[in-house]
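My notes follow in the order in which I checked things.

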Amino acid sequence: QVQLVESGGGLVQPGGSLRLSCAASGTIFSINGMGWYRQAPGKERELVAGLTSGGSTNYADSVKGRFTISRDNAKNRVYLQMNSLKPEDTAVYYCNVEISTPDWSVFNYWGQGTQVTVSS
């Protein structure tokens, strides 16, 4: 079983920064991709930033130029650096990891979420 634990959320003023971290543990054979999603009250969960095993990234239009996703593969960690935060960024942020196994099965795992609140 793979488990993901997010950390780094909190309350920040508009224009401030936060760095989220997601640590993966368990039986991990290969990570195909990692990403950050968020869900605000009354809204669907949306992709914020994605990172493939090859290093390609993609971002939601609303966060381009402000957020950066990165990884430390040796530690099975993925980060989300969030700068110039806006109140609209307020949401619960979840990390997601896609794992492949030796029998070529693919599984997705989710963290428990970490709250990010941007308010003055």
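**Rings and strands**

I found one aromatic pair in this structure, where rings of Phe, Tyr and Trp (its six-membered ring) pair if their centres lie within 6.5 Å, with planes under 30 degrees apart counted as stacked, over 60 as edge-to-face and the rest as tilted. The ring centres of Y37 and W110 are 4.8 Å apart and the planes stand at 65°, so I noted the pair as edge-to-face. Because Y37 belongs to strand 4 and W110 to strand 10 (residues 106–110), the pair ties together parts 73 residues apart in sequence; strands here are DSSP runs (E, at least two residues), numbered from the N terminus.

The model is predicted, with local features needing pLDDT of at least 70 and side-chain atom pairs counting only at pLDDT 80 or more, whereas totals for chains, interfaces and linings use all residues. Residues are numbered from 1 along each chain as its sequence is written, and side-chain values use heavy atoms, leaving out hydrogens and water.

I then looked up R45, whose charged end sits over the ring of W110 at 4.8 Å from its centre, and which also lies over the face of Y94, 3.7 Å from the ring centre; the criterion is NZ of Lys or CZ of Arg within 6 Å of the ring centre and within 35 degrees of the ring normal.

Next I followed strand 4 (residues 30–39), which runs antiparallel to strand 5 (residues 46–52) and is joined to it by six bridges, pairing being called when DSSP finds at least two bridges between two strands. I noted M34 with L51 as its bridge partner in strand 5.

Notes. Helices (H or I, at least four residues) and strands (E, at least two) are DSSP runs, numbered from the N terminus.
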